[in-house]
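Please look over the model shown here before reading the numbered points below.

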Amino acid sequence: MISIELLLKHMAWANQGIYKAVQKLDDEVLDYYIIDPEWHIRRILIHTVYAAHAYEQRLAGVELEPIELKNPDSPKVIDELLEHLERIDTAALKYVDMEDKDIHYKIDGEPRTTKASTLLSQMVFHSAEHRAQVVAALDDKGVRDINLDNFAVFGYVIQQ
């Protein structure tokens, strides 16, 4: 059976790379968006970390502890997000050999049940979707410093 381990390791590598690449750009890019101004790059980066944290907490079988950011409106938020990503991505690797059991949790007080494989898959694909959204928002404003091809699985595998 093919493992999700490679996908999780690639996700961690690509997330770190994209966040660090955004961090090197002018601070104003954090306010860039594609269509909905509410979903600017800063919010996407924060949302991606919050969601990954929630997926990992569900896999761990613990009650969701919210992440508190000290500088959510500052460009320094990326430093905080990178730290959270490292912790979350490291923790997620603990679940690669987990039995594909039902995971029970609540969203807004409503009980949910999801397979462990679905949560891990969602963690990976949700992250990829938002990395693409960040790069698209930059591209829309003419900032082409980040090429998603440089963050493909092939690139990760070559570096290993």
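**Notes on the model**

1. Q16 is found in helix α1; helices here are DSSP runs of H or I with at least four residues, strands are runs of E with at least two, and both are numbered from the N terminus. The model is predicted, so local features need pLDDT of at least 70 and side-chain atom pairs count only at pLDDT 80 or more, while totals for chains, interfaces and linings use all residues. Residues are numbered from 1 along each chain as its sequence is written, and side-chain values use heavy atoms, with hydrogens and water left out.

2. Is Q16 buried or exposed? With a relative accessible area of 15%, Q16 is buried; the term means under 20% relative accessible area, exposed means over 50%, and partly exposed is in between (1.4 Å probe, protein chains only). Not counting residues up to four places away in sequence, Q16 touches L82, L85 and E86. Contact here means heavy atoms within 4.5 Å.

3. Ala, Val, Leu, Ile, Met, Phe, Trp, Tyr, Cys and Pro count as nonpolar, Asp, Glu, Lys and Arg as charged, and the others, Gly among them, as polar.

4. Two packed helices are described by the angle between their axes and the distance between the axes. For α1 and α3 the angle is about 175° and the axes are 10 Å apart; axes are lines fitted to C-alpha atoms, for helices over the stretch in contact, and angles run from 0 to 180 degrees between N-to-C directions. The two helices α1 and α3 are therefore roughly antiparallel (angles over 145 degrees; under 35 is roughly parallel, 65 to 115 roughly perpendicular and the rest oblique).

5. The pair α1 and α4 packs at about 25°, with axes 10 Å apart, and α1 and α4 are therefore roughly parallel. On the α1 side the contact is made by L7, L8, H10, M11, A14, N15, I18 and V22, and on the α4 side by L120, M123, V124, S127, R131, V134, V135 and L138. Its residues fall into 12 nonpolar, 3 polar and 1 charged.

6. Which residues touch the most other members of the largest nonpolar core? They are L8, V22, I41, L45, L138 and I146, out of 48 residues. Elements giving two or more residues to this core are α1 (5-23), α2 (41-60), α3 (77-92), β1 (102-107) and α4 (116-140). A nonpolar core is a set of buried Ala, Val, Leu, Ile, Met, Phe, Trp, Tyr and Cys residues joined through side-chain atoms within 4.5 Å. Leaving aside neighbours within four places in sequence, I146 is in contact with I18, A21, V22, L25, V135, L138 and F151.

7. W13 lies in helix α1. Leaving aside neighbours within four places in sequence, W13 is in contact with N150, F151, A152, G155, Y156 and Q159. F154 lies in helix α5 (residues 153-159) and counts as exposed at 69% relative accessibility. The C-alpha atoms of F154 and H10 are 9.2 Å apart, although 144 residues separate the two along the chain.

8. D108 deserves a check of its backbone. Its place is in the loop between β1 and β2 (110-115), and D108 is exposed at 79% relative accessibility. Phi of D108 is near 50°, a positive value in a residue other than glycine. Most residues other than glycine have a negative phi.

9. T113 lies in strand β2 and is partly exposed at 46% relative accessibility. Beyond neighbours within four places in sequence, T113 is in contact with D102, I103 and H104.
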